[in-house]
Amino acid sequence: MRRPVRGLRLAILAACSCALLAVPGAAQSAPQDRTVTVDSRFFPGLGIMDGNWAALKAATDGKVYVGLACHGCDGHLVYYDSHTDKMVDVGGLNELTGEAGLGLGPQSKIHAKFGEGTDGRIYFATHGGWWFEYGRFATPEGYPGSHYMAYDPRTGKAQDFGIGPRFEGMNTGAYDPKFNRIYGLTHPRGHFVYYDVATGAKVDKGRINNWDSICRTLGIDDQGNVYGSFGAGQIFQYDPRTDNIRELDEHLPIRQKGISLGRDYDKSETGWRVVVWDEETKKFYGVEESATTLFSFDPAAPAGSQVKTLGAMSIPKFESSRAVPYATLSLTLGQNRKLYYAAAGAEFDYGGSADVAASHLITYDLRTGRIEDLGEMRLADGRPVVGTNSADTGPDGTIYFVGAVSPNNVQSEADYGGKINGVPFRLALFIYHPKKD
């Protein structure tokens, strides 16, 4: 695996860092000094992996798929087998895409959600991570473009469907089993694209977001309609039956520009950070990025009444503060009708984080509307989870996150992915077993 100079890697990570935000909060249950213990599994031989965003899927066969990022080097596809308690490295993304040793900009990440098809395969798209301030964009030695891919757990082989958006990465993505398509938003141009697995068609519907504000989660309902956010908290819908995109008459509960002191103030657009679909209520539940405000979105409701504000999912101490950390991507719906959200204790973006602080596990009960802070997320030995950026729920109800924790034994640079204020961190899969209601 090719490894860049650590100083350059950390500089690249710092360029992705998030500043502190200001938000109003909502009343929550928050006992002092309360903690919640989570199990952890590390990724053997992959200590230098330096990030994970959205790429986490707890599949129906008990395998938990993870996309590990390495800025400037080779990202990896791995999975955790919950039945055997084994971590398996499927391989480096350069090798899986046939680009190893070609001297091209590396396939550094899977930066979007995985999807599971009716055929049991896991669908995804790759992403770049060494942009050189876009000085090499569309050059022969630059990043060649995102690959649409599928991994078959029956054969242990990955299939490459080829490059989709030329010279661009896939910053956001989702798979729809109903229409058998991989959808995505490209980086840096912010185009809405998709790959039709059955026909092999690769379609570009044009620009949907500004490059600095690309929506980080696409939501897909049970009819195969695709939703995302753009502009000042607006929502768009893509209809696969008509192949058209339209703007909805809805707005998310975002903070207005000029109030925030951080990352959102510097962005040209503000949207949702993450959404999840609830099959029972036929609604999306999500967190917007500027204030960690929880909302519901009902596509079937009358126009103008589809979005409702439900509360705030930030840590309670930030309720009256202007320094609320930027929202994470770590939201999932448990089998007990509760939303689980890992809220950052300080602005978190791996090597670009503001400080080392414990994440809190926040829940929202869809039955009662109660928000509860379960406390700081810590390992059994007391080490805090210093941040996460993906979440999913397994078929047995287990909640999974991927994020960062300080390693116990650091003997070389191969033992950690980066540093937060001088403190080394390493990526890990975190496992939480909800109590039975």
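## A hairpin and its neighbours

In the hairpin formed by β27 and β28, where five residues lie between the strands, G397 takes a positive phi near 95°; strands here are DSSP runs of E with at least two residues, and helices are runs of H or I with at least four, both numbered from the N terminus. This is a predicted model, in which local features need pLDDT of at least 70 and side-chain atom pairs count only at pLDDT 80 or more, while totals for chains, interfaces and linings use all residues. Residues are numbered from 1 along each chain as its sequence is written, and side-chain values use heavy atoms, with hydrogens and water left out.

Strand β27 (residues 387–393) pairs with β28 in the antiparallel sense over five bridges, pairing being counted if DSSP finds at least two bridges between two strands, and D392 stands opposite Y400 in β28. Strand β28 is also joined to β30 (residues 423–432) by seven bridges, and these two strands run antiparallel, with A428 in β30 as the bridge partner of G403. Because seven of the seven residues of β28 (residues 399–405) are buried, this strand is largely enclosed by the rest of the structure; buried means under 20% relative accessible area, with a 1.4 Å probe and protein chains only.

## An open sheet

Four strands form an open sheet in the order β19-β20-β21-β22, with antiparallel pairing. Its edge strands are β19 (272–278) and β22 (307–312), each of which pairs on one side only. Within this sheet, β21 (residues 293–297) is joined to β22 by five bridges, and F295 has T309 in β22 as its bridge partner.

## A buried leucine

L218 lies in the loop between β14 (202–207) and β15 (219–220), and L218 is buried, with a relative accessible area of 4%. Leaving aside residues up to four places away in sequence, L218 touches several residues, among them T172, Y183, F192 and F236, where a contact means heavy atoms within 4.5 Å. The C-alpha atoms of L218 and T172 are separated by 7.1 Å, although the two residues are 46 residues apart along the chain.

## The whole chain and its confidence

The protein chain has three helices and 30 strands, and buried residues make up 61% of its 437 residues. The mean pLDDT of the chain is 90, and 89% of its residues reach 70 or more, pLDDT being the predictor's confidence in each residue, from 0 to 100. Over residues 5–27, however, the pLDDT is below 50, and this stretch has 78 contacts in the model beyond near neighbours in sequence.

How values were computed. Buried < 20%, exposed > 50% of the residue type's maximum accessible area, 1.4 Å probe, protein only.
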